Amino acid sequence: MLMDLFNHWVVITLMMSGLYIVIAQGNLIKKIVGLAVFQTSVFIFYISMAKVEGGTAPILADGISQYSNPLPHVLILTAIVVGIATTALGLSLVVRIKEAYGSIEEEEIQQQDNQQQKKAALAESNLEKKA
């Protein structure tokens, strides 16, 4: 019974691993990798659900009565392309963040932002006092 649902177990394992990486890690690149793992689990799940036992390609031929729908596979190919583009965009944003903050750790970036906000608020209050 467990082996009948092997794809489901793989999907659950990958999905939970990806989700854990996104939640537990403070490194932005690790978060992007976690999202990619999560996304891969969704692809595997969708393709597993689209599989038809004994189905063939939808080409009319004699003696074939059961066909497999190609649409889910085509949609997953499109999703893979979008996923790669999204991952590339995320990595390019991490490069820009590294240039701006000198770090890709979430906590360090948050600390630097908080310090900048405090300095801006202090400068604003000094301007109000002078006026």
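The model is a predicted one, so to speak of local features takes a pLDDT of at least 70 and side-chain atom pairs count only at pLDDT 80 or more, while totals for chains, interfaces and linings use all residues. Residues are numbered from 1 along each chain as its sequence is written, and side-chain values use heavy atoms, with hydrogens and water left out.

As for the fold, the chain has 4 helices and 0 strands, helices and strands being DSSP runs numbered from the N terminus (H or I, at least four residues, for helices; E, at least two, for strands). Read from the N terminus, the order is α-α-α-α. The radius of gyration is 24 Å, well over the 14 Å that the globule rule gives for 131 residues, so the chain is more spread out than a compact globule. Here the radius is taken over C-alpha atoms, and the rule is 2.2 Å times the number of residues to the power 0.38. Along its principal axes, the C-alpha trace spans about 90 × 35 × 25 Å.

Of the 131 residues, 15% count as buried, where buried means under 20% relative accessible area, exposed means over 50%, and partly exposed lies in between (1.4 Å probe, protein chains only). Among the contacts with a separation of 6 or more, 46% come from residues 24 or more positions apart; a contact means heavy atoms within 4.5 Å.

Now for the helices themselves. Helix α2 (28-50) has 23 residues and reaches 33 Å from its first C-alpha to its last, close to the 33 Å expected at 1.5 Å a residue. That expected span is 1.5 Å times one less than the number of residues. The buried residues of α2 are L28, K31, I32, G34, S41, F43, S48 and A50, and they pack against α1 (6-24), α3 and α4. One of them, S41, has a relative accessible area of 0%. Setting aside neighbours within four places in sequence, S41 is in contact with V11, L14 and M15.

L19, in helix α1, is partly exposed, with a relative accessible area of 36%. The C-alpha atoms of L19 and S41 are separated by 11 Å, the two residues being 22 apart along the chain.

Helix α3 covers residues 71-101, and its 31 residues should span 45 Å at 1.5 Å a residue; the end C-alpha atoms are 44 Å apart, which agrees. Buried in α3 are P72, I76, G83, G90 and V94, and these pack against α2.

E107 counts as exposed, at 65% relative accessibility. In space, its C-alpha is 6.9 Å from that of G26, although E107 and G26 are 81 residues apart in sequence.

On charge, the mean positions of the 9 positive and 11 negative charges are 13 Å apart. Lys and Arg count as positive and Asp and Glu as negative, with His and the chain ends not counted; each charge is placed at NZ of Lys, CZ of Arg, CG of Asp or CD of Glu.
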